[in-house]
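Hi everyone, thanks for having me.

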Amino acid sequence: MIRIEKLTKSFGKFKALDGIDLSLEKGQAVSLLGPNGSGKTTLIKSILGLVIPEKGDIIINGQPIRNNPAYRAHIGYMPQIGRYPDNMTIEQVLHMIKDIRKGQSALDEELYESFGLDKIKHKKMRTLSGGTRQKVSACIAFLFSPDVYILDEPTAGLDPVANEILKDKIAAECARGKLVLITSHVLSDLDGLTSHIIYLQDGKLMFHQSIEQLQEQTGETKLNTIIAKILTHADRKQICIS
Ligand SMILES: Nc1ncnc2c1ncn2[C@@H]1O[C@H](COP(=O)(O)OP(=O)(O)OP(=O)(O)O)[C@@H](O)[C@H]1O
């Protein structure tokens, strides 16, 4: 569904992404992990067309995305920090987004209701707490039932109830055959959700494997311990594929 070939992006002399090859398929929940500055957001932004790589290709559903912006209609994006016009209400922001994307028929407003945003729809964006802004961002990412979800630290700032609502929604969308690419530094949030792990370090792909493979190789079940074991393993190159 998404193929990434030899993707390289530099900022000046610094290589933020260095020859990344990846293939992501329908129905997968892929966790994109790596330390701060390892290139996760740069990779996400490259897929979204917000960063233009100097080398390599991104191919979505068989079409290279270069000079082909229409593909973005199939992606729902939840940014790390959502920025919205301060003086608009939640309701007005959602109307504006629907208006920009008019023509798109079936709307998925499940999160709007389960997060209780319908009850506070007249609140202005500038008055919202960080977690409530996250809920608005999640709502927008899922609104148009896209084929691909790209969620950058989606659970940051969410309370435990909202966290579970969002995790259930992500799992349900995967079960419907959607592809979800998700980043988080809170690995416990990804337990039970992730089907595959991509691990970046210094702009390079360290490994890309299914959770079953990683559990088998490490003998661990929780993501935290799986990743810790891989990173501290003296022979880690033996269990990493790229
Ligand atoms: N616009 C930019 N100009 C210069 N350097 C940049 C730019 N964007 C990213 N970088 C650099 O590229 C590297 C990768 O950044 P990126 O934001 O992709 O990392 P990340 O893995 O998402 O980090 P985090 O976990 O902290 O969000 C960092 O060293 C960052 O400073």
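Predicted model: local features only at pLDDT ≥ 70, side-chain atom pairs only at ≥ 80, totals over all residues.

Okay, the ligand. Which residues are around the ligand? They are Phe 11, Ala 16, Gly 34, Asn 36, Gly 37, Ser 38, Gly 39, Lys 40, Thr 41 and Thr 42. Helix α1, residues 40-48, gives the largest share of that shell, with three residues. If you sort the shell by class, you get two nonpolar, seven polar and one charged.

Now the core. In soluble globular proteins, nonpolar side chains tend to be buried together. Here, the largest nonpolar core has 61 residues. Among those with the most contacts inside it are Ile 2, Cys 139 and Val 180. Helix α4, residues 130-142, gives the most to this core: six residues. And take Val 180: leaving aside neighbours within four places in sequence, its contacts include Ala 29, Tyr 149 and Ile 170.

On to the strands. Strand β1 (residues 2-11) and strand β4 (residues 55-60) run antiparallel, joined by five bridges. For example, Arg 3 has Ile 59 in β4 as its bridge partner. β4 also runs antiparallel to strand β5, residues 63-64, with two bridges.

Last one: Glu 164, in helix α5, residues 160-175. Is Glu 164 buried or exposed? Exposed, because Glu 164 has 12 other C-beta atoms within 10 Å, and the cut-off for exposed is 12 or fewer.

Note on methods:
Residues numbered from 1 in each chain as written. Near = placed C-beta within 6 Å. Helix = DSSP H or I, 4+ residues; strand = E, 2+ residues; numbered from the N terminus. Nonpolar A, V, L, I, M, F, W, Y, C, P; charged D, E, K, R; others polar. Buried ≥ 20, exposed ≤ 12 C-beta atoms within 10 Å, placed from the backbone. Core = buried A, V, L, I, M, F, W, Y, C linked by C-beta atoms within 7 Å. Contact = placed C-beta atoms within 7 Å. Pairing = 2+ DSSP bridges.
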